[in-house]
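Reader: Could you walk me through one part of this model up close, and then show me what lies around it? I'd like the cut-offs spelled out as you go.

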Amino acid sequence: MLRKSRIKINKLLSEAKYILEHVWDSFLQWPLVFLIAAAAIMVISVPLPLYYQWVYGVFFMGLTLLIDRNPSHYASIVICLSSILTSTRYIFWRITQTLRFDHIMDAIFGSILFMAELYAWAILILGLFQILWPMQRPVIPLSGKDEDLPTIDVFIPTFNESMEIVRNTVFAAMGMDYPKDRFKVYLLDDGNREEFRIFAEQAGCNYLTRTDNLNAKAGNLNAALKKTSGELVCIFDCDHVPTRAFLQLTVGWLQKEPNLALVQTPHFFYSPDPIQKNVPGGSELPGDNELFYGTVQRGNDLWDATFFCGSCAILRRAALEENDGFSGETVTEDAHTALRIQRRGWDTAYINIRLSAGLATDTLLAHIKQRARWARGMTQILRVDNPLWGKGLTIAQRLCYMNALLHYQFALPRVIFLISPLAFILFNSSIIHSSAVMVFAYAIPHLFMSLWAHERLSSGRRQPFWGEINETLLAFHLIKPTLITIFNPKKGKFNVTDKGERSEDDYFDLRSVRPHLITTAFLFLGLVVGTIKLIYADYFHIQSSVLVLNILWASFNFIILLASVAVANESRQVRNTVRFPFQIPFSAYFDDGHVIDSVTDNISLGGLAFSLPKNYELADRDITEISMKVDNRSFALPVKIVSRSGALVRLQFETASMSEQKKLVAALMGQADAWQHYGPEEKPVSTIASMKHILKIIFGLLRYRPQKRINKKAAIKNEKGAVQK
Amino acid sequence: MKNAKKATVASLMLLTLSGASYSQIAGAASVKRTARASADVTAAAVDTLPVPATAHQGRLSFESIGVGQTIHLVGVNGEMGIPFGLRNDETVAKASLRLSVSYSPALLSDLSHLIILVNNEIIRSVPLLRENANGLEIVIPVDPAIFLPGENRINLRFIGHYTRDCEDPVHSSLWMNISNKRSFLDLEMVKTPLQADLERLPAPFFDRFETGRLNLPFIFRANPSEDMLEAAGYVASWIGSSRGFRGASFQPVTDGIPAGNGIVFTTGRNPIAGLGDDHITGPTIAIVKNPNDASSQLLVVMGRNGEELKQAAAVLATRSATLEGQRVVVDDVKIPTYKPYEAPKWIRTDRPVKLSELIQSPQDLIGNSIMPGPLEVNFKSAPDLFFWPYSGPRMDVKYRYPYGSWLDRKRSRLDISLNQQYVSTLPIGEKTWIDRLLGRDGAVGIRNRGKRSIPSYTLAPSNYLSFFYDLQLADKGRCQAVLPNNVRSSIDPDSSINLMHAHHLARLPDLGLFAGAGYPFTRIADLGNSTILMEEHPTAGAIQAYLGLMARFSSFTGAAVTRVTVQEGINPDRLKGRDLLIIGGPSLSENNLLENAPVRWNGQHMTLKERPLVSRLYNFLHMTSPDVPTYPDQDVAATISSPEFEGLMAWRSPFDRSHDAVALLAVDQNKLPNFVQAFDKKQNDGQIKGDLALNTINGIRSFQVGSLYWRGSVPFWLWIGYWISNHPLVMIVVTLCVALLLAVPIGTLLRIQQKRRLKHSSTAEVSENDESEE
């Protein structure tokens, strides 16, 4: 029955679309525009009495669910428009009917909440516009003979990261498929380390350094620009390991479009980010960046507003030189550089293929600091180089950039939303001048439809409510950077993200979530007080419907906060390197000369694990070597057995020569399709399932026994020794 | 809602505990005139002129002077004040007060008593003995000198105690009842005719303290012409617009001058002998002694012709010139005219109106004692106010209340009601922290402010806005309850009501608006756009009804009807562009006047119009589905065709679709004046609506016979918005259509944009992306 209804709806919708297309083509076009404008104004502004508004809201939500069964673009646009109309109707009602306050305290609280809601509405509209049509840019192959291909300089900037990490990147970069004489790899060492210089010499890549450290990464790159001359400049962060196909798949576009200044590719992480790592069931969650790279940048690409993300991208030197290099005025120099280049009329592009992979931030603290820097930088751009004014950008570009910049202002509104229900429960402050049922009638369709539209357009790249949890996690820490920067854009230094630090212990990062815990405590207090007031409603002379509304809201906030506190539960990082669940065929050589062919269960840069064939006797033998194929040529690595449990044998790689290491990197991380299907499956998860998961996490947290030390020392240690990012 | 009912019931039953004053209560009194010849003066009784007497006795029951229910005094110190009025030209010769009381048997005989005061003079202090608790008749002679012309007041103060120690001042055994039906004030009044002087107008013809029904004959020489009728209408409206008007009967007299006060209309062409009207020099107003009754006076309005007569009447009615002496010529006086919706009594809609403009004295908004009773503001409003999309008028209330530890601030509140319907509550709160911060700790009172919206459905043509302070005592321990003294709570006269966002729109026909506000005629306060249509030789009943209606209209608007036109006989040309008020009998159905009316004359009797076949679609589009019952049934239809038919009906003017017609018709026209008076009867409250109202033995019954239409001016987009707000399903469809429609060009634009961006790649690759969602 459900399937039949879906077919019916599909038919209805496509017929409607067909008819309407003809209507638009006909002479009715201009009158229709006026009519639609009038109708839209009417739908937004006409207030309905309570019962009618409920009817309207419920019907419309039902209609949305129906239309949602149709997977076409047309249906997406219809749902987006409905969501925009409903949310604008809500905001209009808020403005005209609910902003009347008796007390000055009410006025203050109420206006603050309203500002936050206005922000959310603006972001909703901009956001929907941005991801309405994510473009899937196809790959253009390289054209022309080898001698005609453009020359490329590959920059790998580093500051204080460890050799282990940087090494792999250099190896992979040097192993990219491209005529060897047409590209050069440069290691830009801002830390001026002897170790790196020696390594570069041995590996065969170029080494650049400078005497000062002005402007951090941007300055580093600019200094390198002056010393190099390739037509194209390719940038990889020192932990982003490119696949071999990187240049092959990206340069084609730069050849075809001379006005193209940038081709950006996704930042993919092969290690779990703090949420995936620390939260039970987190490995099923898509990474934090997935929504941005999977959907948002593609939407940006439609409007020629893709911006540079600092790594995994290739730029045209001519454009950079026009801009006097990378702009170092803000701490997110990447986005700012792209903005300035685009102002000069250059285009940008985005290819949604994972052509490189890097390390996610290890700990919550590092994650927070990274986002704080991004927030600060984006706010600086907002103040210093606002995309709304100034020449050189199309309207669509302005809107897309504004959305990106405004997005980082979420901190204050998010905190406001978190604590707003307390205004009524604890302080009896009526911050919305309206009956509770009326608020429900208007707000529920608005929230429901914006959630639904977003979910539909993000199609699995972010599970429901995790966006809120993410934002909540960061909100408290981002308030100061954003607010201070809004008033004083020059303040704030470039603090660097740590990568690759090892934490020796399980610990609970109390310091990072202290504000969350305080707010949770307040919310809990609010819930208790609210419930008491609800039970004794008569004694307290409180309207119970308003109280129920606020309690439900506070409960929701409580759940979200607790879920974000769960992320602070840092688990030990035992291994140096990340294990990949790849199945790579290899041969294992025993010390007594036997050889078996097998396939790895998982493999990392430090070792591998495999299952012995059935009934195979290991006895006391050791495996001394394994060989794998890369490019149809084998190479060998010395190994030794480190552990064995049942049939599962774990091998550790011994020190290998540089060429062997290169080949290992190439085999593991250099395959062109190494990352396309890595990570949790991107399938949409229902709202209910997502909420169930979150509740499980919370119950897990509440049963937390204080075995884990709250390790302040570890937290402080991470602050020192910044790594250039 | 529960609280509102409690508040209103409380306000009716519980009364002041110490020194309260009610605002004026106007009530109709029925004074039995024992010396008069006939009780009701109807048109038929015009021939027998009543014989005046110099003294008359009257019995005023408390009920008749406005005490609606039994007086219930409670607490240690309960008091009630009863205002009543006496005519200025009468003095009291003898008076006695008779009270029928009962009280709590638990009262201590030696400590409890009832103090009776008249005009603040203590007449008697009656001890309340236990043996008389079941019922006590108190008869007290009152010194007539205490009574004053004009406003008087009786106060009944109850002092009660039930124990000698540790007494709860609001204990339930402290009560006393005084019957309102069986307590009387017996008065013997002597008329003291005052000097005839125009300065005293409208006395002696109209005195607002008149306790009986006003009967004022309008005297003409012969059957009045159109001009005379118009002039008479002006004068009737002059009385109607006077303060304290409570209805009157103005019977037209054409054969001589009756005894008693009266108003005479005469032109040079129709002089009445004995009144000195032979040499009229211009529009003149004079006051003379009645030649047939020495103790009464006649007001003579004269002119050399109809125009001058009307001018004189208009000057009199609008009080446009100072009149003094016994005769004044009033030519060359400008009569003010009114634009639509400018009636003086109607609350303004062009700016916020302060409460100070609506009350008689600031005392009206001040309550003394812990139970001050409702503070009332009365105002009239235009009957066709349309507030959508707002919920109604907005109020900005500034209020003061006392501050003390005896006040239970959590349970106390200020309730606002309009026309006995609950509107909102304002909180009795603490001092704000700002006050405390700024050191305003010492204040005795707290000033607070609240903005509220009044729902428009509570609004009526005549409004009673009441503010009820429900002050609760904080719980104290035993024996510690002390009532605070000198507790004053008030509403700032600076508070305002704002109707600026109202439009004028009414769904017609609606006889309720006619009966309650004179709509649509009173839209222009001086009836500048209205024509009264009567038969060629109108009957006395029709004329009296006409005059009664004019007075009624002006009591609604506060303005005299100085631009009304009267037409005897139907002249279609002069009836275009006018609202018609038709008064008379079946002969008015010539010229197809009643063609589309709910009821028409078929030659022998009245018949009901057929039920219109208005399509549902029409009703849907115009929101004209009637919400009033209904088409009359058989029994009622029978009444219509009987000779007892008396009906009021409304429909579109047959001469002009953009104007309205209201007809007051009866087969026996002598019944018309009573019909007009029946509008105000309690049993007919809210019974007049729709487009056909019939006066039957059981009261007035209303029906909707014809089709409905809207009258008024509202911007078209507002109308569309209003219509849509009543049809949510249409709104859903429209929203869906907008989304579906707009999605098409947006989709096309996006596709074009994508093509543009990917123009360098092959089309095969691009088209893959079109319909799939990735």
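**A helix pair and its surroundings**

Author: Happy to! In chain A, helix α13 (residues 333-343) packs against helix α14 (residues 364-384) at an angle of about 30 degrees, and their axes are 9 Å apart. Helices here are DSSP runs of H or I with at least four residues, and strands are runs of E with at least two, numbered from the N terminus. The axes are lines fitted to C-alpha atoms, for helices over the stretch in contact, with angles from 0 to 180 degrees between N-to-C directions. α13(A) and α14(A) are therefore roughly parallel to each other, since angles under 35 degrees count as roughly parallel, over 145 as roughly antiparallel, 65 to 115 as roughly perpendicular and the rest as oblique. From α13(A), the residues making the contact are A335(A), H336(A) and L339(A), and from α14(A) they are G377(A), M378(A) and I381(A); contact means C-beta atoms, placed from the backbone, within 7 Å.

A word on the model: it is predicted, so local features need pLDDT of at least 70 and side-chain atom pairs count only at pLDDT 80 or more, while totals for chains, interfaces and linings use all residues. Residues are numbered from 1 along each chain as its sequence is written, and chains are lettered from A and ligands numbered from 1 in the order in which they are written.

M378(A) turns up again in the largest nonpolar core, which has 153 residues: together with V154(A), F155(A), I156(A), V263(A), A313(A) and L315(A), M378(A) touches the most other members. Such a core is a set of buried Ala, Val, Leu, Ile, Met, Phe, Trp, Tyr and Cys residues joined through C-beta atoms within 7 Å. Buried means 20 or more other C-beta atoms within 10 Å of a residue's own, exposed 12 or fewer, and partly exposed in between, with C-beta atoms placed from the backbone. Beyond its neighbours within four places in sequence, L315(A) contacts L232(A), V233(A), A261(A), L262(A) and L320(A). A second, separate core of 147 residues includes M534(B), F556(B), A650(B) and A661(B).

Chain B also has a mostly covered helix: in α3(B), eleven of 13 residues are buried. Those buried residues pack against α2 (226-240), β15 (262-267), β16 (284-290) and β17 (293-303) of chain B. Just after α3(B), R319(B) takes a positive phi of about 55 degrees.

Finally, the two chains meet through 36 residues from chain B and 44 residues from chain A. On the chain B side, α11(B) gives the most, with 20 residues.
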